[in-house]
Amino acid sequence: MSADTALRNRVEDLLFREAALLDEKKWQAWLQLYVEDAVFWMPAWTSEYELTVDPELGLNLLYLKGRASLEDRVFRIESGDSFASVPMARTTHLVGTVMLIDGNGADIGARASWIVHSYGIHGGITRSGSYEYRFREEAGDLRIAVKKIIMIDDKLVGPVDIFHV
Amino acid sequence: MVMSDRIAAMIDEREGRFRVDRAIYSDPDIFESEMDLFFEGGWVFLAHESQIRNSGDYFSTRIGRQPVFLVRKKDGGIGGFINACAHRAATLVPLEHGRANLFTCRFHGWAFNHDGHCVKIKNEETGAYTDMAGKDQFGLTPIARVDSYRGFIFASLKADVPALKDWLAGTTSWIDLLADQSPQGLEVIPGSSTYTVYGNWKLQAENGVDGYHVSTVHRVFAATVAQREAKANLGGLQRTESGRMLGNVDSGSYDFGNGHLGIWAKRADPTKHPLWPQKERLEKSFPPERIEWMLNRGRNLFVFPNAFIMDNPSSQIRTLNPIAPGVCEITVRCIAPVGEPAEARAARLRKFEDFYLTTGMASSDDLAALEATHSGGFGRAARWNDFARGMGAIRHGAEDTDGAKIGLVPNTMNANWDHEALYHGFYRFWKERMIEGSRS
């Protein structure tokens, strides 16, 4: 097995594991896939063709800095006190067309496409888009340092939380 | 029952009560009348001037069921037209915003200028037109009235409406509190979020000025930010104000007249707010009682029938586009003082994302609650929504010495945003106009 194939296997394994953990709502295990200073970013559309480029001074749908910010979202979901999260939607993530980018050294990246079908009080809703990941080696594991989510849908029905995309 | 009697019976003010028939949120005849009377027959908010800053900038949207667009003309004025080619109605402006010197129809190539005049009929010379039909016969249909107040653009498809400032009544005092936050005015930050809500537009109108729900629906938001701040050493503007969610601050609710409503709550710690770094500058320009209203109080303003202007954790324009009795499309945008420090701008955006989006941690819960009230309302055996709360503590007009500090004389006010008497103003205005409309 070439080094490229081995890396691809590791990246795909991580992406597919993340999808499964979100669908199974294993939040604590999901959080462990992220490095402590991870960035979880879903920019807003600024026109029919363009997205926010600078997340700091532009509008985002999600811009969570640090694993602690992901923990905030999990805290709220698990509280049972969030009106939008009871009953919680079921989801299926399909992640594919994985491409490695800059796949050498400490700065490993990948691009992938996603379709998430969710089922909740609004019935079945399918949304889709792409992911851009940056990974970091930590204690022998590949962990997520940056996850940028592009969601092509921009007229939304129902809540869209970290597990709907 | 004739329409006017049906409408009258939907608001029950007998025996010291104030109740609203739940059918008001789903009746298709009511909805059509509302669209005719309020959305297509009076002033509605369309956009902020910063969205069409330069000559040729356009913005397309709807007034009620009708597609329209606004354009910044070469003379600096604002044009507004039905967004349909004068020839055979193809949508003229296909994008939400952009810039154009001429608007050329993609169907047959007719072109229109910023004044709506037709400047080109493709192959006009071989068109065998009679003398009756020339370019001057084919202008775009203008929106009857377009006017702006402090940069907020309103429009009416009906010409016979009061002057905009008269229509806005006391809400101008609250719009001023936002518009005065920068000497260079306000700007809408690029980007928006639109969501389709399965609930009647009036439920959104109610929800955005519902102080009473905050300490239940948003206590989870308060708990989330409390645990965030307990484990991380966040300072300054990175902290989140949550006094209003814990329910232990001064507050109030307003009926401004003409269906316009407002609520405010004191910020337990205004140093967390993005306007705080500008406090000293503001103090040089405005008296202390005005600073108190501007900086120390979060305010949600509903401008009847389709807009919220909010200055609470962050600052927001929220517009309502009703689609059907049980469906409303809502768009939210962040509006901010021009020239504020980058740190404040970033904090404003993060607070906006935290709270005000369907991908966020508070508006998502609001929308779920709103949809639950819509669904629950179909239990017709139970007829009434109750709005009696606060009826024993209503102050009228000049009795409101607090509002007087910013020149505000409301219809009524309650010195507690948990009180629901503000909605009486909304529903009395609604009933009066709907009965009038049903007879005309």
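Trainee: What radius of gyration does chain B have, and what would a compact globule with 440 residues have?

Mentor: The radius of gyration is taken over C-alpha atoms, and the globule rule is 2.2 Å times the number of residues to the power 0.38. For 440 residues that rule gives a value near 22 Å; chain B has 23 Å, which agrees. Along the principal axes, the C-alpha atoms of chain B fill a box of roughly 75 × 60 × 40 Å.

Trainee: What should I know before reading on?

Mentor: This is a predicted model, in which local features need pLDDT of at least 70, side-chain atom pairs count only at pLDDT 80 or more, and totals for chains, interfaces and linings use all residues. Residues are numbered from 1 along each chain as its sequence is written, while chains are lettered from A and ligands numbered from 1 in the order in which they are written.

Trainee: How many helices and strands does chain B have?

Mentor: Helices (H or I, at least four residues) and strands (E, at least two) are DSSP runs, numbered from the N terminus. Chain B has 14 helices and 23 strands.

Trainee: What share of the residues in chain B is buried?

Mentor: Count the other C-beta atoms, placed from the backbone, within 10 Å of a residue's own: 20 or more is buried, 12 or fewer is exposed, and in between is partly exposed. In chain B, 50% of the 440 residues are buried.

Trainee: And contacts? What share of them in chain B, at a separation of 6 or more, joins residues 24 or more positions apart?

Mentor: Two residues are in contact if their C-beta atoms, placed from the backbone, lie within 7 Å. The share is 65%.

Trainee: Which domains make up chain B?

Mentor: Domain bounds come from an automatic or database domain assignment. Chain B is divided into domain 1 (44–149) and domain 2 (176–439). Their C-alpha centres lie 34 Å apart. Six residues of domain 1 of chain B are in contact with 11 residues of domain 2 of chain B. On the domain 1 side, S3(B) gives the largest share, three residues.

Trainee: Take one helix. How far apart are the end C-alpha atoms of H2 in chain B?

Mentor: The expected span of a helix is 1.5 Å times one less than its number of residues. H2(B), residues 28–39, has 12 residues and should span 16 Å; its end C-alpha atoms are 15 Å apart, which agrees.

Trainee: Which residues of H2(B) are buried?

Mentor: Ile30(B), Phe31(B), Glu34(B), Leu37(B), Phe38(B) and Phe39(B). They cover an arc of only 145 degrees around the axis, so they sit on the same side of H2(B). The arc is that of the directions from the helix axis to the C-beta atoms. On the other side, Pro28(B), Asp29(B) and Glu32(B) are exposed. The cover over the buried residues of H2(B) includes strands S3 (44–48), S4 (57–63) and S19 (315–324) and helix H14 (422–439), in chain B.

Trainee: What do the buried residues of H7(B) pack against?

Mentor: They pack against H3 of chain A, together with helix H8 (243–246) of chain B. Those buried residues are Val220(B), Phe221(B), Ala222(B), Thr224(B), Val225(B) and Arg228(B).

Trainee: How many residues of chain A are in contact with chain B?

Mentor: 30 residues of chain A are in contact with 36 residues of chain B. H3(A) gives the most to the chain A side, with five residues. By class, that side has 16 nonpolar, seven polar and seven charged residues. Ala, Val, Leu, Ile, Met, Phe, Trp, Tyr, Cys and Pro count as nonpolar, Asp, Glu, Lys and Arg as charged, and the others, Gly among them, as polar.

Trainee: Is Ala145(A) buried or exposed?

Mentor: Ala145(A) is buried because it has 20 C-beta neighbours inside 10 Å. Ala145(A) lies in strand S6 (residues 141–151) of chain A. Its C-alpha is 5.4 Å from that of Arg134(A), 11 residues away along the chain.

Trainee: Where does Asn258(B) lie, and what is its phi?

Mentor: Asn258(B) is in the loop between strand S15 (251–257) and strand S16 (260–266) of chain B. Its phi is positive, near 55 degrees. Asn258(B) counts as buried, with 22 C-beta neighbours inside 10 Å. Thr97(A) also has a positive phi, of about 45 degrees. Thr97(A) lies in strand S3 of chain A and is exposed, with 9 other C-beta atoms within 10 Å.
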